[in-house]
Structure formats: structure tokens, C-alpha cells
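Look at the sequence and the 3D structure below. The report then takes up rings, strands, a pocket and some loop residues.

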Amino acid sequence: NGTAGQGSVAMTANDVKAFWQVNLLQICNVEKIRIYGSHLQYFDVVLMNVVHQPIKSFFHATKIQTVYEFDPEDGVIRNVQHIRIQLRNRSHLQLAEVEVIGTCDKERARLQNVALNKHAYQTSVLSHPSNPIAAKAIDGNTNGSLDAGSTAGTDNSKYNPYWEVNLGHAAEITAVVLFNRVDCCRAELANFRVILYDFAHQVVKSFYKA
């Protein structure tokens, strides 16, 4: 029911690039997205993976209509967990209903942080009252303020400093997510590599971030 007075419409304020987003709570293969809404024009539908990286996006700029359907060209978009609908201008975003047609993998929905509270090491420890030891990077707290006491940090006494975690067992890795400092010094986490090793410390995969 697309009538606002009937109590079943989601609506934002008159925002710049207003958006609505849903977390499917599972890894899904999406075959169709159907949107029931009014006054929708110049908007994007963005499909993202578990770490909010865009996989596919659709842009709608033609006439305003009541129902909008988006179908992938190859029939399915895989590994989707988050879907965002976002305006490109300033306006109210009004949605009566959003349908996501597809199938979900319940086994992969069990993805978890396999590094949490495992054994970590770093080449040095920054001298600071918060004692930013290696273990604080995998304590489950993503607060990026050093004073909050949940950030790992090295000093500059070592050339090519590194931080490392031993998962304790072999694991299939879907994503590696890093949370940077937020109070200062963000640029110091640049020009680095993320390296994945096997049990014998042989390199399996390496990623470089400039």
C-alpha cells in the first residue's frame, strides 16, 4: 500500500542523497529487485557484499512510476548481503515495499570473525598509557581512538613493522576487514600489505594497499 496515511510507507526527511538500506543477514544470490514507491527518480540501487563493498549497481533516471524492477543481465548477482536505495538529489525517499527475489546460503550466513581473541604479535609496542599491544586489534572492539584502550600500535623503532595473528587452525577466508585509527594518524596506515599464510608460513595470497 503506497498511501502514506495507511501506515506502511518508509520515508526519509528532505535529505541530500537520502538512502534506505537492508541487511539480508545471509549471503544471497539475487535474481530480481522489485521496488514499490512514489516520487522515485534519479536513484541508485546498490548491491553489496558482507563488508559493504559494491558488487553491482543500477541507476534509474527515467519517468516516475509506481513499480520498479531491476534484473541482472546474467540472471543472478551472487554473494549479496546488503542492498541500498539512494537518491542522487535532495528529496524525500519514499518506499512502500522492497522485494528481493533470490536464494540464500544459510551455511555461509554463519560467517564469523575467526581472528577474534586469537594469539597476535607485533614488532614493537607504542609507548602510550593505553598500552596498544597486538591483542587489542582482535578484541572485538572497533573503537579507533587510541585513548579508548582498544587499539594496537607499534612505534617507529623497527624497519617494516608488522602485526600478525595466528588463527590456531586452517580457515577459509571470505574477507579481511581493517579498522583504522579515527582520532588521528589515519595516513600512517598506507603503503602496506595484507598477507595470508598457510600452516607452514607459506604465502597463500597477498594484497597491497597504497
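## Charges over rings

R84 lies over the face of F19, 3.8 Å from the ring centre. A charge counts as sitting over a ring if NZ of Lys or CZ of Arg is within 6 Å of the ring centre and within 35 degrees of the ring normal.

The model is predicted, so local features need pLDDT of at least 70 and side-chain atom pairs pLDDT 80 or more, while totals for chains, interfaces and linings use all residues. Residues are numbered from 1 along each chain as its sequence is written, and side-chain values use heavy atoms, with hydrogens and water left out.

## Aromatic pairs

How many aromatic pairs does a search of the whole structure find? It finds four. Rings of Phe, Tyr and Trp (its six-membered ring) pair if their centres lie within 6.5 Å; planes under 30 degrees apart count as stacked, over 60 as edge-to-face and the rest as tilted.

One of the pairs is F43 with F70, which is edge-to-face: 6.0 Å centre to centre, with 85 degrees between the planes. F43 lies in strand β4 (residues 43-48) and F70 in strand β6 (residues 67-70), so this pair ties together parts that are 27 residues apart in sequence. F58 and F70 also pair, and here the geometry is tilted: 5.6 Å centre to centre, 40 degrees between the planes. F58 belongs to strand β5 (residues 54-60) and F70 to β6, so the pair ties together parts twelve residues apart in sequence. F43 and F70 are both buried, and F58 is buried as well. Buried means under 20% relative accessible area, exposed over 50%, and partly exposed in between (1.4 Å probe, protein chains only). One aromatic cluster is formed by F43, F58, Y68 and F70.

## Strands that pair

Strands here are DSSP runs of E with at least two residues, and helices are runs of H or I with at least four; both are numbered from the N terminus. Two strands pair if DSSP finds at least two bridges between them.

Which strands pair with β3 (residues 19-37)? One partner is β9, antiparallel over ten bridges. In that pairing, Y36 stands opposite E97 and I27 stands opposite D105. Another partner is β7 (residues 77-87), antiparallel over seven bridges, where W20 stands opposite I85. Four bridges join β3 to β6, and these two also run antiparallel. There, I33 stands opposite F70, the residue that pairs with F43 and F58.

Strand β9 (residues 94-105) also pairs with β1 (residues 10-11), in the antiparallel sense over two bridges. M11 has Q94 of β9 as its bridge partner.

## The second largest pocket

The second largest pocket has a volume of about 550 Å³. The search uses a 1 Å grid over the protein atoms alone: a cavity is a set of points where a 1.4 Å probe fits but cannot get out, and a pocket is an open set with protein on both sides within 12 Å along at least five of seven lines; lining residues have an atom within 4 Å of a point. Grid points are joined across faces, edges and corners, and a volume is the space filled by probe spheres set on the points.

Which residues lie nearest the centre of this pocket? They are V51, Q53, A175, V176 and V177, out of 22 lining residues. β12 (192-197) and β13 (203-209) each supply at least two residues of the lining. β13 gives the most, with four. By class, the lining has 14 nonpolar, five polar and three charged residues. Ala, Val, Leu, Ile, Met, Phe, Trp, Tyr, Cys and Pro count as nonpolar, Asp, Glu, Lys and Arg as charged, and the others, Gly among them, as polar.

## Residues in loops

Most residues other than glycine have a negative phi. Y42 has a positive phi of about 55 degrees, although it is not a glycine. Y42 is in the loop between β3 and β4 and is partly exposed, at 38% relative accessible area. N131 also has a positive phi of about 55 degrees without being a glycine. N131 is in the loop between β10 and β11 and is partly exposed, at 40% relative accessibility.

Y162 is in the loop between β10 (119-122) and β11. Y162 and T123 are 39 residues apart in sequence and 5.8 Å apart in space, C-alpha to C-alpha.
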